[in-house]
Amino acid sequence: LHNINLKNHPELVNILNKNEEKTELLKLSPESILLKWFNFHLKAAGYDKTISNFSQDIKDSEKYIILLNQLNKDICKKEEVLNEADIKKRADSILENLSKLGINSFISSNDIVEGNEKLNILLVASIFNKITGLKPLNEKQKKEINNLLMDEDEKEERMFRVWINSLNLKNEKD
């Protein structure tokens, strides 16, 4: 999860809505970024539902299927899997598709069906880290993100200096 941020994945600016600022991504936790990313791909697939959590909202595997199909249509055949009524078999199919993408799953189909939030977050993070499905940035966008990140680093450094100075630490030589 620690790699899921704008600094490591500047292409995340592509998931922003038109009225959102890039700085908003800097404020989001990795889990919130994953939710936003997941919903971005659901919308891009023409799917009208969204997720607001990694437990109840995805335990039927339907949204996982849509996500994986959006990321790689050749591997995940959504019609076949969505026609399966047994949600346990759907979850098994998700895990099979993940292995085709080279994602080693540490989660079981029962964990998906039971809506184990922590394990599902880690699974989505593994998918994200393997394949974001986001367009690379052009040079202008890269420059904007670098400037934004540099500004944020400078702000953090300045806040740290103010905090250190506020402690009134004295050098032993003084």
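Reader: What pLDDT does the protein average?

Author: This is a predicted model: local features need pLDDT of at least 70, side-chain atom pairs count only at pLDDT 80 or more, and totals for chains, interfaces and linings use all residues. Residues are numbered from 1 along each chain as its sequence is written; side-chain values use heavy atoms, with hydrogens and water left out. pLDDT is the predictor's confidence in each residue, from 0 to 100. Here 91% of the residues score at least 70, and the protein averages 86.

Reader: Which element has the highest mean pLDDT?

Author: Elements are DSSP runs numbered from the N terminus: helices (H or I, at least four residues) and strands (E, at least two). The lowest mean, 70, belongs to helix 4 (residues 78–82). The highest, 96, belongs to residues 30–44, which form helix 2.

Reader: How far apart are the end C-alpha atoms of helix 2?

Author: The expected span of a helix is 1.5 Å times one less than its number of residues. With 15 residues, helix 2 should therefore span 21 Å. The model agrees, with its end C-alpha atoms apart by 21 Å.

Reader: Which residue with a positive phi follows helix 2?

Author: Phi is positive there, near 80 degrees. The residue that follows the helix is Gly46.

Reader: Which residues touch the most other members of the largest nonpolar core?

Author: A nonpolar core is a set of buried Ala, Val, Leu, Ile, Met, Phe, Trp, Tyr and Cys residues joined through side-chain atoms within 4.5 Å. The largest one has 45 residues. Helices 2, 3, 5 (87–100), 6 (109–113), 7 (117–130) and 8 (139–166) each supply at least two residues of this core. Those touching the most other members are Leu34, Trp37, Phe38, Phe54, Tyr64 and Ile127.

Reader: How far apart in space are Thr132 and Glu11?

Author: Thr132 is in the loop between helix 7 and helix 8, and counts as buried because its relative accessible area is 12%. Beyond four places in sequence, Thr132 touches His9, Glu11, Trp37, His41 and Leu71. Thr132 and Glu11 are 121 residues apart in sequence, yet their C-alpha to C-alpha distance is 8.6 Å.

Reader: Which residue forms a salt bridge with Glu20?

Author: A salt bridge is a side-chain nitrogen of Lys or Arg within 4 Å of a carboxyl oxygen of Asp or Glu. The closest N and O atoms of this pair are 2.9 Å apart. The pair links the segment before helix 1 to helix 2, across 16 residues.

Reader: Which side chain of opposite charge is nearest to buried Lys63?

Author: Lys and Arg count as positive and Asp and Glu as negative; His and the chain ends are not counted. Lys63 sits in helix 3 (residues 62–71), where nine of ten residues are buried. Lys63 has no salt bridge. At 4.5 Å, the nearest opposite charge is Asp60.

Reader: How far apart are the closest N and O atoms of Lys88 and Asp92?

Author: The two are four residues apart in helix 5, so about one helical turn separates them. Lys88 counts as partly exposed because its relative accessibility is 31%; for Asp92, also partly exposed, the value is 28%. Their salt bridge has its closest N and O atoms apart by 3.8 Å.

Reader: Is Glu139 buried or exposed?

Author: Glu139 forms a salt bridge with Lys142, the closest N and O atoms being 3.5 Å apart. Both lie in helix 8, three residues apart. Lys142, at 37%, is partly exposed. Because its relative accessible area is 60%, Glu139 is exposed.

Technical notes
Buried means under 20% relative accessible area, exposed over 50%, partly exposed in between (1.4 Å probe, protein chains only). Contact means heavy atoms within 4.5 Å.
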